[in-house]
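Please have the sequence and the 3D view ready before reading on.

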Amino acid sequence: MALSSSAEGSLPMVPLLVPNDYSSRRKNATSAEERCHLVHLAAEGIIHVIVDETKEILDVIDLEDMIGAKLVIEPKMEVAKESSSTSAAIKDRASNEPSSDILTDNKGCAILTLFSYPRQNLSQKSWFQRLGMMSPASPPPNPSNYQRPDKGDKNYGPRLAHHRSFVLAPSEDVAEASALVAKLQQLARPPKATTSKNSKVLILANPKSGPKRNGQVVAETQVQPMLEQAGLECIVVVLEHADHAIQLASDKATITYGGAERRLSDYSALVIVGGDGTVHQVLQGLYEMSDDKKDSATTPQLTIGVVGCGTANGFVTSLLHEAKERYGIIESILPICKGETSKVDLSRYTTSNQSYTSFLTFTWAMVADIDIDSELIHFLGEVRFDIWGVLRILWLRRYKARFSFLKPKKEVSTESIVMPALSDPVPSDWETIEDDFILFWASHVSHASMSNHQSPNSRLDDGVFQIFFIRSGVSKFRLIQTMLGLQAGTHVNVPGVEFIECVAYRLEPISPGSYNDIDGEVVEAGPIQAKVNASALNVFSYSKE
């Protein structure tokens, strides 16, 4: 397929040698040193790899999948043999003239690499690969009629590395090659990217997070290399003790790097490699550092990325779900590399003696019991919640409480809502339910864990709580239906399941013995109230289309 010059983009015309993996797939290769070049199609957001002589399209690179480009000089290990004709030509030339009229480079070669992480086409996998008996092969080049797959297309699986490397044809002009790399790096990042090549990123790794205890390994072998491929300056800091994340986030602890002490405020972005508990600790520290500590969950203008290595990973799952991406490590890192950001809601919780910042969920009654009590079998990973859930249904607990809430009003912004003191009555425009409850679950996000789609109507920046609760009187059969429906979100249709949308609420337990659980962390028991702070946090995530 040929491409007309009018469709070509603004990439510098740098001659490249056709890589062997392309040549081996082609029947009409004309020579061992065919040349090709890159053409940017701005309207489609893709790059074509085109043979100079035949105008054949060898490959299509989707800019949505590309995070960066790099040019390196590699030495040549082989010494060319001198032929008899070459020897004769050299003898006829002056000592200060080149031995040949053909431009060659015997000392090294320049290699251009485009770093790309496309979705894996499952239709190209063999049955052995689908069954996990063979590692997936390197994907073939994209066809000339390539169309970007829909994000919800089930024929495409997790993302994987599919980098393209080209040897530059020998040339005395390195300026054009440098200009090409700069342009490719620019195209790999959207115009509204919040990070640039000079951005400094701190990667905070929790080595104890999750059942695999692999936060440090993921940070050093996957997160840092991908960020460096995107041209970002980054370092990895491994958490050393339980409160280390809080201390770093509140600027009470320093980071020693390169012989100098640094603080979190020296960085433009923070990437957390850990579970929801690590994110919770960082937010408590950031809030502690903020100026207004009375009734605001607004954090400093720091963009946060999260790579899930915990047990539940609810926040990362919610971010990827809203972006219509599969859950995965590469999928979590990709928006960080590309500088894609969006806003998410936070909330501020107040108990009798403490205040907390929340980004995920608040649970009380059954779900809090399951989360806190199942710590006994934490080593089992996420399956611990299923096991304890069965136990809690068999030995059901009911808690009496007073639940008061303020529904959203179009004419009233969440910033203007003044929360009453916890010891004072709620305002007259609040509604109140007093009853026996089996389950109470307030959510900012759609997923509390990788397998819990507990709040299908929640959006990251909708400015409301979705309160999911079940009152006493619902049968155990209905409770089992509810628990089984959580993964797909079908529990919303089970009789007895109720949802209320509000911007502020108060829960006053009347029965003793219940837990208050914020973002998976047990907090002070007893009366508690909260208010939404809409779009309070900048996170690395794909913006809504």
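How do the residues of the lining of the second largest cavity divide into nonpolar, polar and charged? The lining divides into 2 nonpolar, 1 polar and 8 charged residues. The model behind these counts is predicted, and the values below are computed from it.

**Cavities**

Rolling a probe the size of a water molecule over the atoms shows where empty space is left. A search of the whole structure finds 2 cavities of 30 Å³ or more. The second largest cavity holds about 60 Å³ of space. Among the residues that line the second largest cavity are Arg 119, Lys 151, Asp 153, Lys 324, Glu 325, Arg 326 and Glu 331. Its lining also includes Tyr 156, Gly 157, Pro 158 and Arg 159. Strand 8, residues 156-159, gives the most to this lining, with 4 residues.

The largest cavity has a volume of about 90 Å³. It is lined by 13 residues, and those closest to its centre are Leu 319, Leu 320, Ser 332, Pro 335 and Phe 540. Strand 15 (303-308), helix 8 (314-322) and helix 9 (329-338) each supply at least two residues of the lining of the largest cavity. The largest share comes from helix 9, with 4 residues. By class, the lining of the largest cavity has 9 nonpolar, 3 polar and 1 charged residues.

**The largest pocket**

The largest pocket has a volume of about 1300 Å³. Its lining is made of 50 residues, and Thr 311, Ala 312, Asp 371, Arg 384 and Phe 385 lie nearest the centre of the pocket. Several elements each supply at least two residues of the lining: helix 6 (244-249), helix 7 (276-289), strand 18 (361-365), helix 10 (366-373), helix 11 (383-394) and helix 12 (476-485). Helix 11 gives the most to the lining of the largest pocket, with 7 residues. The classes in this lining are 18 nonpolar, 20 polar and 12 charged residues.

| Space | Volume | Lining by class |
|---|---|---|
| Largest pocket | about 1300 Å³ | 18 nonpolar, 20 polar and 12 charged residues |
| Largest cavity | about 90 Å³ | 9 nonpolar, 3 polar and 1 charged residues |
| Second largest cavity | about 60 Å³ | 2 nonpolar, 1 polar and 8 charged residues |

**A nonpolar surface patch**

Phe 379, Leu 380, Val 383 and Ile 387 make a nonpolar surface patch of about 370 Å². One of these residues, Leu 380, lies in the loop between helix 10 and helix 11. Leu 380 has a relative accessible area of 38%, so it counts as partly exposed.

**Two residues with positive phi**

Which angle stands out at Lys 55, although it is not a glycine? Lys 55 has a positive phi of about 65°. Lys 55 is found in the loop between strand 3 (46-51) and strand 4 (57-62).

Asn 313 is not a glycine either, yet it has a positive phi of about 55°. This residue is found in the loop between strand 15 and helix 8.

Are Lys 55 and Asn 313 buried or partly exposed? Lys 55 counts as partly exposed because its relative accessibility is 36%. Asn 313 has a relative accessible area of 4%, and buried means under 20%, so Asn 313 is buried.

Notes
Residues numbered from 1 in each chain as written. Predicted model: local features only at pLDDT ≥ 70, side-chain atom pairs only at ≥ 80, totals over all residues. Heavy atoms only, no water. 1 Å grid on protein atoms, 1.4 Å probe; cavity = no way out; pocket = protein on both sides within 12 Å on 5 of 7 lines; lining within 4 Å. Points joined across faces, edges and corners; volume = space filled by probe spheres on them. Nonpolar A, V, L, I, M, F, W, Y, C, P; charged D, E, K, R; others polar. Patch = residues over 30% accessible without salt bridge, like charges linked within 9 Å, V, L, I, M, F, W, Y side chains within 5 Å. Areas by Shrake-Rupley, 256 points an atom, 1.4 Å probe, with all protein chains shown as cover. Salt bridge = Lys/Arg side-chain N within 4 Å of Asp/Glu carboxyl O. Buried < 20%, exposed > 50% of the residue type's maximum accessible area, 1.4 Å probe, protein only.
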